[in-house]
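Colleague: I would like to go through this model with you. Please show me the chain before we start.

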Amino acid sequence: MCQAWLESTRCAFGPDCKFAHGETELRPTKLPIRNTLKYKTKLCDKYTTTGICPYGSRCLFIHPDPRSTAFYRQTAVSKFFLK
Ligand SMILES: [Zn+2]
Ligand SMILES: [Zn+2]
């Protein structure tokens, strides 16, 4: 905990301070941001254009299930698969 912050709730280092400012900062945020940021947030170009992806289930992109019509109604991909 930052001593300067404890005494005056002010600190010259601000957010760059190496000590925690307040209770919320003491709790480590253990979100694997690096892995979740781009993981399966985007449709796989290869899969949606060719229907085949060499990475299979390990692919970092979404391989939509052709049977999940609910999903397809919400995506532009539906035009490709349902035409
Ligand atoms: Zn500080
Ligand atoms: Zn893929």
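Modeller: pLDDT is the predictor's confidence in each residue, on a scale from 0 to 100. It applies here since this is a predicted model.

Colleague: What is the mean pLDDT of the protein?

Modeller: Take the share of residues first. In the protein, 57% of residues reach 70 or more. The mean pLDDT is 74.

Colleague: What percentage of the 83 residues is buried?

Modeller: A buried residue needs 20 or more other C-beta atoms within 10 Å of its own. Against that cut-off, the buried share of the 83 residues is 0%.

Colleague: Among contacts between residues at least 6 apart in sequence, what share joins residues at least 24 apart?

Modeller: A contact here requires C-beta atoms within 7 Å. Of the contacts in the protein at least 6 apart in sequence, those joining residues at least 24 apart make up 7%.

Colleague: Is H21 exposed or partly exposed?

Modeller: H21 sits in the loop between α1 and α2. Around H21 there are 19 other C-beta atoms within 10 Å. Burial takes 20 or more, and exposed means 12 or fewer. H21 is therefore partly exposed.

Colleague: How far apart in space are C11 and H21, C-alpha to C-alpha?

Modeller: C11 is also placed in the loop between α1 and α2. C11 is partly exposed because it has 17 other C-beta atoms within 10 Å. Its contacts beyond four places in sequence include C2, W5 and H21. C11 and H21 are 10 residues apart in sequence, and their C-alpha distance is 8.6 Å.

Colleague: What separates the C-alpha atoms of L6 and G22?

Modeller: L6 belongs to helix α1. It has 13 C-beta neighbours inside 10 Å, so L6 counts as partly exposed. L6 and G22 are 16 residues apart along the chain, with a C-alpha separation of 7.9 Å.

Colleague: Near what value is the phi of T9?

Modeller: T9 is in the loop between α1 (3-8) and α2 (23-26). T9 counts as exposed because it has 10 C-beta neighbours inside 10 Å. Most residues other than glycine have a negative phi. T9 is not a glycine, yet its phi is positive, near 50°.

Colleague: Where is C44 placed?

Modeller: C44 has 18 C-beta neighbours inside 10 Å, so it counts as partly exposed. Its place is the loop between α3 (33-36) and α4 (45-50).

Colleague: Which residues is C44 in contact with, leaving aside neighbours within four places in sequence?

Modeller: Start with F61, 17 residues from C44 along the chain. The C-alpha atoms of C44 and F61 are 4.7 Å apart. Beyond four places in sequence, the contacts of C44 are C53, C59, F61, I62 and H63.

Technical notes. Residues are numbered from 1 along each chain as its sequence is written. Chains are lettered from A and ligands numbered from 1 in the order in which they are written. This is a predicted model: local features need pLDDT of at least 70, side-chain atom pairs count only at pLDDT 80 or more; totals for chains, interfaces and linings use all residues. Two residues are in contact if their C-beta atoms, placed from the backbone, lie within 7 Å. Helices (H or I, at least four residues) and strands (E, at least two) are DSSP runs, numbered from the N terminus.
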